[in-house]
Amino acid sequence: MRRHILIFLFLIQGIQLLAQKSGAIVSGKILDENENPLAKVSIVLLGRETGLMSSDSGTFRMHVPADKAFALVFSFTGYKSLQQNFILNDKEEERIVIRMERSVSNLQNITVTNERDRKEAGLIRINPRDAINIPTPVGGIESLIKVFVGSNNELTSQYSVRGGNYDENLIYVNDYEIFRPYLVSNAQQEGLSFINPEMTRNVNFYNGGFQAKYGDKISSVLDIQYKNPAEFGGSAYLSLLEQGLELEGVSKNKRFSYIVGARNRSFATLLSSQEVKGNYIPSSSDIQGLFSYQLNPKNSLELFTVYSQTSFSLVPMSAQLSTAVFSPYFTANLGLDIFFSGQEADKYKTGLAGLTWNQQINKNLKLKWMLSTFSDIENQNYDITGDYLFGERDFDITSSDFGKIVNPLGIGSNQNFARDNLDIHLYSFNHKGYLKIENQYLQWGLGAELQTIHDQLHEWIYEDSVGYSLPYQPGALNLNYVVNGNNNLNIGRFNGFFQDNISFKKYPEFTLQAGARLNYNTFTRQLLLSPRMGISWKPAHSNQDIVYKAAIGIYDQPPFYRELRAPDGTINPEVKAQQSFQATAGFDINFKENEKPFRLSVEAYYKDLWNVNPYNINNVSIQYYAENNAKAYAVGVEGRLFANLVKDAESWVSIGIMQTKEKINGATYYDYTLDSLNRPVDSTLVHQGWIRRPTDRLFTLGMFIQDYLSTNKNFKVYLNLIYGSNLPYSVPGSVKYRDALIIDPYIRADVGFSALLLDNDKANRRSHNPFRKLENIWATLEIFNVINRENTISYLFVKDFSNTTYAMPQRLTPRIINIKLITRF
């Protein structure tokens with residue numbers, strides 16, 4: 001069999017070689033506006049990185065593909081680039097004369113890059129311009145991150161990194177730490193991401209191994225820097241889901257600069273396709289401003305302000321859910337029809353104001369002093385009753401009962417009620433210093449923060465099954481779930497760090513980053529020390545462009561409010577910081593294939609965690625045990641391939657393999673032996689042991705592809721593809737079935753098509769042209785969930801007449817179309 005396969009492959013290869021064409025030729029001469037020959041003009045096949053140059057006499061001769069459309073791009077400093085399209089037969093030669101015109105436009109800015117992302121473990125540098133292009137419902141920087149780390153929910157801007165949860169990710173914007181809303185339980189309630197991509201200059205994302213200068217979380221760091229404008233400009237975009245405007249500029253004396261962004265989002269169109277039908281009124285808007293003033297050559301002030309508000313209103317009407325059965329006694333396709341009454345009304349408001357004083361003492365010493373205040377005010381209110389009919393659904397399309405419940409198994413009612421109010425205020429002071437000494441770069445920092453928290457909780461769930469309240473007790477009305485809380489906390493946090501980045505003079509191929517971080521929390525009364533170290537090595541005499549890198553360290557996470565609150569709404573004063581030892585190692589290599597540049601980055605990692613605070617995830621809601629009663633680990637390997645499949649359009653593919661498990665102290669349950677009537681006759685105590693964590697996903701694949709037509713760079717296509725293998729899901733309140741259910745693999749493909757409506761050649765626009773000040777205008781058609789995959793996010797549990805519990809999957813969004821216009825000026 002193996003021999004036959006080899007013979008077949010050789011035959012295929014031989015046929016391909018015979019079918020190869022010798023190609024065609026384009027030759028000619030390049031002249032300037034005075035008919036003089038132009039030498040050293042760049043001639044490149046559109047989409048390729050390299051080409052050839054014209055001779056001293058302006059002539060050229062270039063081999064090109066035959067029997068298909070292609071384009072040649074002619075470019076020369078001080079002249080307008082010119083593109084010419086061709087379709088030539090095999091062995092055909094076409095002679096042409098190219099006349100180039102002088103350009104009156106200013107030279108474009110030159111971007112200088114370094115190898116920092118190659119030498120630092122876990123660091124991924126992201127181009128913020130791709131955030132407006134990637135086709136996803138929420139868009140933004142976080143959507144680009146999900147290509148690398150995976151996702152299971154397209155409606156949220158949150159992400160899980162290397163087995164961690166959403167609360168384990170640090171986010172900084174201009175060195176200010178950012179926090180996400182706390183009461184949000186469903187991604188459809190979420191508002192805008194804090195980060196405005198149109199205001200963003202640099203994006204550094206660490207998925208592990210980050211340095212001591214970054215704060216006290218155990219999974220990842222997203223470090224965002226906003227722009228420093230040098231001239232007036234801006235952008236605007238308009239779509240069916242979101243609208244935005246960004247303006248930036250400087251004063252005449254260049255001492256004052258500003259950048260302001262405003263956004264608005266409404267997901268009503270998107271949410272109307274959800275399984276729960278009703279009147280959705282989601283709205284989210286924000287405005288951000290960064291203002292800088294240069295006092296003198298050595299001192300400057302920077303004011304950063306943000307205000308964001310989100311409201312979510314829902315008057316549900318009905319829902320139809322369907323699933324395969326989860327009962328050992330029944331085999332069928334089941335359905336659940338729910339008819340609602342009541343409504344939900346939620347509001348979330350956040351604000352940030354920060355003032356920074358920058359001191360450039362000398363060319364080697366810089367000091368930074370920061371004062372900030374952050375507020376988060378959240379109100380969540382709902383009172384919704386759902387009357388349901390549960391049973392076998394008729395899926396025979398020829399039947400008159402198609403889509404109806406034909407064999408009822410259960411009937412009942414659920415009432416969900418909540419009146420929750422949360423106010424969080426943070427006041428912080430930070431100092432940071434940077435000192436360059438020959439081959440060393442020293443960094444240090446000190447910080448103090450006061451957290452004030454006021455939380456009022458009042459939630460309950462009433463369940464009725466066939467006229468009986470559950471849990472049933474004759475003569476009494478019992479509620480299945482009740483949470484009442486009134487918590488007031490004042491917590492102080494103090495932190496500091498010191499680190500040294502060293503480049504060795506005698507061994508320049510080596511770099512070393514070493515440092516430590518201190519943290520003290522007045523609630524936990526713990527003093528935590530976190531030493532961390534990273535190293536990189538680029539072999540000087542290797543024939544490959546390769547860098548080896550590694551990092552180890554201790555990473556601690558003192559509890560914030562969500563980790564302190566138990567499922568019953570009370571605060572556990574004994575909760576301590578979660579702690580971990582982490583190690584990562586890998587390599588980064590640049591290479592070429594078919595004259596196209598590629599970059600491959602591979603990292604393996606291991607996390608050992610103790611004092612773990614276990615949790616359950618339902619949609620985006622995280623409910624902690626509020627106990628440090630577990631230990632855990634995560635181990636995996638990741639590979640990322642970056643490539644310019646066509647020039648000026650980077651694409652990448654990311655693959656990850658991971659396992660993360662936990663062991664909860666004292667987690668036991670009984671296995672019962674049943675008789676023929678399903679009555680227990682004996683029991684065995686079982687110690688649970690190691691189980692999958694809620695974020696345990698074995699395999700992830702992410703892909704972001706950019707391409708354009710071979711004859712026209714102004715027609716582009718973007719593909720965003722994410723695959724994630726199954727996730728565990730727990731039955732609430734059960735030790736035995738903590739990870740018993742499985743959420744099917746998440747598969748998502750989104751595609752976007754863009755066309756340039758107005759290019760940046762302003763010289764040919766008339767003075768009365770209304771678009772004369774615009775740089776360009778792009779129109780984009782986006783198709784979300786191209787394959788119309790019904791991904792599952794969670795389960796809804798219902799009981800039949802025999803008290804058997806069934807799990808009904810709750811789905812995410814189907815296929816939907818979005819239209820977007822983008823302009824820059």
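**Salt bridges and buried elements in a predicted model**

At 2% relative accessibility, Glu603 counts as buried, a term that applies under 20% relative accessible area, with exposed meaning over 50% and partly exposed in between (1.4 Å probe, protein chains only). The model is a predicted one, in which local features need pLDDT of at least 70, side-chain atom pairs count only at pLDDT 80 or more, and totals for chains, interfaces and linings use all residues. Residues are numbered from 1 along each chain as its sequence is written, and side-chain values use heavy atoms, with hydrogens and water left out.

Glu603 forms a salt bridge with Lys549, the closest N and O atoms being 3.9 Å apart, where a salt bridge is a side-chain nitrogen of Lys or Arg within 4 Å of a carboxyl oxygen of Asp or Glu. The pair links distant parts of the chain, with Lys549 in strand E26 (residues 545-557) and Glu603 in strand E28 (residues 596-612), 54 residues apart; helices (H or I, at least four residues) and strands (E, at least two) are DSSP runs, numbered from the N terminus. Lys549 is buried as well, with a relative accessible area of 3%. Salt bridges that share partners join Arg118, Lys538, Asp545, Asp588 and Arg599 into one network.

By the salt-bridge rule the count comes to 34. Among these, Asp167 pairs with Arg562, with 2.9 Å between the closest N and O atoms. Because Asp167 lies in the loop between helix H3 (140-149) and strand E9 (169-173), and Arg562 in helix H5 (residues 561-564), this pair ties together parts that are 395 residues apart in sequence. Both Asp167 and Arg562 are buried. A further salt bridge joins Glu275 to Arg811, with the closest N and O atoms 4.0 Å apart. Glu275 is in the loop between helix H4 (268-271) and strand E16 (276-296), whereas Arg811 is in strand E43 (residues 805-811), so that distant parts of the chain, 536 residues apart, are linked. Glu275 counts as partly exposed, at 22% relative accessibility.

Helix H3 is largely enclosed by the rest of the structure, because 10 of its 10 residues are buried, including Glu142, Lys146 and Phe148. The helix is followed by Gly150, whose phi is positive, near 95°.

Phe194, in the loop between strand E10 (176-177) and strand E11 (200-206), is buried, with a relative accessible area of 17%. Leaving aside neighbours within four places in sequence, Phe194 is in contact (heavy atoms within 4.5 Å) with residues including Val173, Tyr226, Arg263, Phe304 and Leu352.
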